[in-house]
Amino acid sequence: MAATAAILAVSLPLVASPATASTTASPTNASTTVDLVELYELKTPIGGYFYTTSAAERESAIRDHGFGPAGVQAARYISRTTFSGSVGLHRLRAVDRASYILALPQEAATLAGSGTFVDEGVLGYVDEDGQFDPPRLPTGERLATVWRISDAGVWRAVNTRTMDQYCYEMTPPWHLDGILTSAWALEGA
């Protein structure tokens, strides 16, 4: 129990994260291209999942707080900068345990307002409707659906293959919360 209390006291700051944005980026203040950054997924010591776009924050979580690899999960990328039609992808921490959830702005505000989550800010930006077709995407990447699944106060953002495995093949199955957003993934992921 003491270890859990110590983990709960840890609030990892977002390292080199983009500025918080809660609304859709307008065409006048947004880029026409995306600046992709990897979205890392780690497992917390209590079995929750943690997300960051900062390699330094990822290394600190592993080295200093006992977080570890989440297992086989397709790499996902989000934009470091806003682009026309983008929204901020927020990371929220449950107030009673080291468990994190990703949410779009409206849901993030609702969850933080409930007092059960703390909004730790925007990790990066995603296409609000999944229809963004930038003129220059890095080779070998495409937009892919990101699903949110849950199990007893643990949330995970996963690709379609992992969602199928956890929600339809595992016993007992995880709960399918629905589509979270679209993100860029390597072809074949």
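The model is predicted. The protein has four helices and 10 strands. Of its 189 residues, 48% are buried.

**Overall fold**

- From the N terminus, the order of elements is α-β-β-α-β-β-β-β-α-β-β-β-α-β.
- Among contacts with a separation of 6 or more, 72% are between residues 24 or more positions apart.
- The protein exposes about 9000 Å². Carbon and sulfur atoms supply 54% of that area.

**Helix α2**

- Helix α2 covers residues 55-65. Its buried residues are Glu57, Ser60 and Ala61.
- Viewed down the axis of α2, these buried residues fall within an arc of 100°, so they line one face of the helix.
- An α-helix has 3.6 residues a turn, so residues three or four places apart point the same way.
- Ser54 caps the N-terminal end of α2. One of its side-chain oxygens lies 3.3 Å from the backbone nitrogen of Ala56.
- Gly66 follows α2 and has a positive phi, near 75°.
- The charged end of Arg58 sits over the ring of Tyr40. The distance to the ring centre is 4.2 Å.

**Helix α3**

- Helix α3 spans residues 105-113, and its buried residues are Pro105, Ala108 and Leu111.
- Down the axis of α3, the buried residues fall within an arc of 130°, so they too line one face of their helix.
- The face turned away from the buried side carries the exposed residues Gln106, Ala109, Thr110 and Gly113.
- Cover for the buried residues of α3 includes β5, β6 and β7 (117-127).

**Aromatic pairs**

- The structure holds six aromatic pairs.
- A pair of aromatic rings is described by the distance of the centres and the angle of the planes.
- Phe50 and Phe67 form an edge-to-face pair, with 5.2 Å from centre to centre and 85° between the planes.
- Phe50 lies in strand β2 and Phe67 in the loop between α2 and β3 (68-69), so this pair ties together parts that are 17 residues apart in sequence.
- Both Phe50 and Phe67 are buried.
- The ring of Phe50 also pairs with that of Tyr100: the centres are 4.9 Å apart and the planes stand at 75°, so the pair is edge-to-face.
- Tyr100 lies in strand β6 (residues 100-103) and Phe50 in strand β2, so the pair ties together parts that are 50 residues apart in sequence.
- Phe50 has a relative accessible area of 0%, so it counts as buried. Tyr100, with 1%, is buried as well.
- Tyr49, Tyr166 and Trp174 form one aromatic cluster.

**A buried arginine**

- Arg156 is found in strand β9 (residues 155-158).
- With a relative accessible area of 2%, Arg156 is buried.
- The side chain of Arg156 makes a polar contact with the side chain of Glu41, at 2.9 Å.
- Another polar contact joins the side chains of Arg156 and Tyr166, at 2.7 Å. Tyr166 also belongs to the aromatic cluster with Tyr49 and Trp174.

**Backbone exceptions**

- Most residues other than glycine have a negative phi, and most peptide bonds are trans.
- Ala152 is not a glycine, yet its phi is positive, about 50°.
- Ala152 lies in the loop between β8 (141-150) and β9. Its relative accessible area is 77%, so Ala152 is exposed.
- The peptide bond from Thr171 to Pro172 is cis, with omega near -5°.
- Pro172 is found in the loop between α4 (160-169) and β10 (175-186).

Note on methods: Residues are numbered from 1 along each chain as its sequence is written. This is a predicted model: local features need pLDDT of at least 70, side-chain atom pairs count only at pLDDT 80 or more; totals for chains, interfaces and linings use all residues. Side-chain values use heavy atoms; hydrogens and water are left out. Buried means under 20% relative accessible area, exposed over 50%, partly exposed in between (1.4 Å probe, protein chains only). Helices (H or I, at least four residues) and strands (E, at least two) are DSSP runs, numbered from the N terminus. The arc is that of the directions from the helix axis to the C-beta atoms. A polar contact is a pair of N or O atoms within 3.5 Å; within protein, one must be able to donate a hydrogen and the other to accept it, and residues adjacent in sequence count only if both atoms are side-chain atoms. Rings of Phe, Tyr and Trp (its six-membered ring) pair if their centres lie within 6.5 Å; planes under 30 degrees apart count as stacked, over 60 as edge-to-face and the rest as tilted. A charge sits over a ring if NZ of Lys or CZ of Arg is within 6 Å of the ring centre and within 35 degrees of the ring normal. Contact means heavy atoms within 4.5 Å. Accessible areas come from the Shrake-Rupley method with a 1.4 Å probe; for residues, only the protein chains shown count as cover.
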